[in-house]
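Please find below a colleague's note on the model under review.

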Amino acid sequence: MLMKTKDIILAVEGLTVSFNGFKAVNDFSMYVDEEQIYVIIGPNGAGKTTVLDLICGKTAATAGSIKFKGRELSKLSENQIVHAGVGRKFQNPSIYENLTVFENLELSYPQARTALSALFARRDQAMTDSILDVAQQIFLADFLDVQADFLSHGQKQWLEIGMLLIQNPSLLMLDEPVAGMSVAERRQTAELLRRIATGRSVLVIEHDMQFVENIADHVQVMHQGKSLSEGSMQKVKQDPRVIDVYLGH
Ligand SMILES: Nc1ncnc2c1ncn2[C@@H]1O[C@H](COP(=O)(O)OP(=O)(O)OP(=O)(O)O)[C@@H](O)[C@H]1O
């Protein structure tokens, strides 16, 4: 049977940013397909987080292009990029600790953006359904009424993923999603990412190589702002240059 090749959803080309003359990202290119789990690995300071900062508009590029569904992102504001369908999770969870799981998800629901409209919005069925569906996906269906600060570290990370999922992004970017998680939580997170990658692309930065092997459709290795190697995890982990600068350490 002939498989339809997936379209490219994100094309990054010649991306460069320099901070006082230091090129943290240097002529970097990447192509993420629809429904692909794409993982960037590499040593500390390689420029991985900066690539995500550039894609989500937190940092302005010095040169290069970032095309998302054919649309240039590098001239848009962070808000416009979110509206275009790019969600990004940072390393530290930014949930509301004094609100419940349900309320955190509710506040992230696209039509409840302002505090006032969230307070007075009738909890319409579509929103409630969407919250319950996301809560199920992030393993928190039984924790809807629990205040967020009582959740485990891993559950907080899942809640934040849920807060992004509820906005239904076509590209979800996650910076070290399993840092600090237990073995069981890592396994569940792999399952979660696999599931959410049907219907959207997921771009991940991660140092846990076992986790990367479990989830990655494609791996790209960064070193000193540049792309060092890419392909399947199987291929990349046998690349002597990758072993030399990263995996051998
Ligand atoms: N806003 C900034 N101003 C100046 N230098 C920066 C800025 N952001 C990042 N850098 C520098 O750019 C380099 C790349 O950092 P980055 O955080 O992207 O690396 P990383 O690959 O994500 O590393 P890690 O795995 O440790 O998270 C580092 O030397 C960092 O100090």
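1. The model is predicted, with local features requiring pLDDT of at least 70 and side-chain atom pairs counted only at pLDDT 80 or more, whereas totals for chains, interfaces and linings use all residues. Residue numbers start from 1 along each chain as its sequence is written.

2. The chain contains ten helices and ten strands, which are DSSP runs numbered from the N terminus (helices: H or I, at least four residues; strands: E, at least two). The C-alpha atoms occupy a box of roughly 55 × 50 × 40 Å along the principal axes. The radius of gyration is 18 Å, in agreement with the value near 18 Å for a compact globule of 249 residues; it is taken over C-alpha atoms, and the globule rule is 2.2 Å times the number of residues to the power 0.38.

3. Of the 249 residues, 39% are buried. Here a residue is buried if 20 or more other C-beta atoms, placed from the backbone, lie within 10 Å of its own, exposed if 12 or fewer, and partly exposed in between. Of the contacts between residues at least 6 apart in sequence, 66% join residues at least 24 apart; a contact requires C-beta atoms, placed from the backbone, within 7 Å.

4. Helix α7 (residues 183-196) has 14 residues and spans 20 Å between its first and last C-alpha, close to the 20 Å expected at 1.5 Å a residue; the expected span is 1.5 Å times one less than the number of residues. Its buried residues are T189, A190, L192, L193 and I196. These cover an arc of only 165 degrees around the axis, which puts them on the same side of α7; the arc is that of the directions from the helix axis to the C-beta atoms. The face turned away from the buried side carries the exposed residues V183, A184 and R195. Cover for the buried residues of α7 includes β3 (37-41), α5 (125-137), α6 (153-165), β7 (171-175), β8 (201-205) and α8 (209-215).

5. Which residues of α5 are buried? They are I131, V134 and A135. Viewed down the axis of α5, the buried residues fall within an arc of 100 degrees, so they line one face of the helix. Q125, A126, D129 and Q136 are exposed on the other side of α5. The buried residues of α5 are covered by elements including α3 (101-108) and α6.

6. Most residues other than glycine have a negative phi. F139, in the loop between α5 and α6, has a positive phi of about 65 degrees although it is not a glycine. E35, in the loop between β2 (22-33) and β3, likewise has a positive phi, of about 60 degrees. F139 is partly exposed, with 18 C-beta neighbours inside 10 Å, and E35 is partly exposed, with 17 other C-beta atoms within 10 Å.

Note on methods: Contact = placed C-beta atoms within 7 Å.
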